[in-house]
Amino acid sequence: MFVQKAKSKLWIAWILVLPVLIIRGFTVIYPIFETIRISFYDVRLLRGLNQFVGLQNYFKVFTDPKVLETIEFTLIFVISSMTLHILLGVLLALILNMKFKAKKFLRTIVLIPWAMPMVVIGMAAKWGFNNEYGLVNDFIRRFVPNFELSWLIHSDTARAAVIAMDIWKNLPFFAILILAGLQFIPTELYEAAMVDGATKVQAFFKITLPLIVKNIMVLSIPFTMWRLASFDIVYSMTSGGPGSSTELIAYRITTEVFTNLNLGYGATLAVLLFIVMVVFSTTNLYFINKK
Amino acid sequence: MITRFKLENIFKWIIALTVSFIILFPLYWIFISSITPAGELFQRPIKYIPENPTLSNYIYLIKNTGLYDKIISTFIIITTTLLISTIICVMAAYSFARYDSIGLKIAFLFILFSMLIPNVVTARPLYDFMRKVGLYDTYTGLIILYISRVIPFTVLILRNFVSNIPITIEEAAAIDGADFSQTIFHIILPLMKPAIATVSITNFIMCLNEFFIPLFYANNIQVLSTAITQLPLQDNMYSVPWDLVSSMGWIIILPIIIFVSVFEKQIMEGIMAGGVKA
């Protein structure tokens, strides 16, 4: 299928890809090298500082309690959100794959959270988790009268609320992608299993799961990347609060470089985030290819 | 056997209704909040059927927050982005699929790899760069950034699509005397229509939801997604101007719901094409 054209016409090929390369080059590649460079400098616009400090910014990260708290929540956020994505995502995909009348209706509904801007969801969640007038507590009070809880004022519940909203928005999308894998499983496999007397639960664990495991692993890479770099959700919902307990690393970076104008330190955090992402995705790809 | 079948069906409906409820009920709540007079929002328990429905929040938004301008600028940015990105990505996709050299392979990997770089990592240097070249807070600057945002996904999907078009079609055209541009415009492009449609629909949603770019690379130019975070607090003692946020939210959500219901099939195909190949 992959037939080549004459080598002499290669200049045409380069002209065709040039616009795309130039745009990505200036908007992504140039700035990332600049970020790496600045991470070795102490650049503080508010104090007019700009001097080379080597690895000093990097050492500072591991003794900065605020950043350590940010890293802690980022890890909690990514791990718990991804675990729930995988468990509930497979479940929702199985539901979406069921044969029944409202299938198209359900698939359309499931697309809505994915198509909505995260900020709209975040702003609504800010009110939705309000103790007095929020939707969440109103719903709980129908079953537990006199229930009182200011979700976004206590760190633990604020963290849970942020994770819950991330699931609400992104789980459906994850489930649809797993569904794509499910649809490639031939129905004959299930029919054969039923003939052999397997129950539905057995069929799931012996047929479905082994066949979609690779799919789930591949999907988990971009989803973990997006979680690691999440910004909109915290910006619109909690602004990192209470204190800095719901601050994600991406939010911390933008605060450093745009609000505190501490460019060197912000760049260092950005470089560390980037390194984590590259290491995570390449090791994951390595294991997937090995399988 | 019949009862078992029925039981299973009831079970399916219960699950389907629960899922729909979790997704749709918050949207309904946002909607009734948007047509409830501001004062009545401070009530316990929430009244899910508003007693005095009003459009005053919407009228306030239209009159006082420059909603019209925001819709126009959103529209300008998205249509231009889709138009230009489709043209340059089709060009690149064709090239990556049909020509073979080590240089091009590296260029393709470079585009894929650049997907790994999140926007926060490049944010500040890019901001300084945009200021330096005078593109900060301009339509040109924003459109370039939006285009850059959709390039990797678009090139990937379109390249995979072109790879699956048999090259014999092009060879036959060449024998019939068609030159390069005729081959592209009369043969390849018509065949690519469905792929371009799916990619454009997905990119449309991506652009509409884009928040990071307009937040940090524009100030006077406002789009719908950033507008909702900058609504004025009316006589509202709480941290959220919920009356306005809910109505602004619905102004953003309604077109999305319509769009998704109309294009459900294409969106599903688009998502799956990306997902399976990724």
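In the predicted model, 101 residues of chain B and 98 residues of chain A take part in the contact between the chains, contact meaning heavy atoms within 4.5 Å. About 9100 Å² is buried between chain B and chain A, 79% of it on carbon and sulfur atoms; buried area is the accessible area (1.4 Å probe) that two parts lose on being put together, summed over both. B:Arg44, B:Tyr99 and B:Arg124 contribute 8% of the area that chain B buries against chain A, more than any other three residues.

The interface holds 1 salt bridge, defined as a side-chain nitrogen of Lys or Arg within 4 Å of a carboxyl oxygen of Asp or Glu. This salt bridge joins B:Glu264 to A:Lys104, with the closest N and O atoms 3.3 Å apart. On the side of chain B that touches chain A, H1(B) gives the most, with 17 residues; helices are DSSP runs (H or I, at least four residues), numbered from the N terminus.

H1(B) also gives the most to the lining of the second largest pocket, with 7 residues. A pocket is an open set of points on a 1 Å grid over the protein atoms alone, where a 1.4 Å probe fits, with protein on both sides within 12 Å along at least five of seven lines; lining residues have an atom within 4 Å of a point. Of the 29 lining residues, A:Leu94, A:Met98, A:Lys200, B:Glu8 and B:Lys12 are the closest to the pocket centre.

Residues are numbered from 1 along each chain as its sequence is written, and chains are lettered from A in the order in which they are written. Local features need pLDDT of at least 70, side-chain atom pairs count only at pLDDT 80 or more, totals for chains, interfaces and linings use all residues, and side-chain values use heavy atoms, without hydrogens and water.

Technical notes. Helix = DSSP H or I, 4+ residues; strand = E, 2+ residues; numbered from the N terminus.
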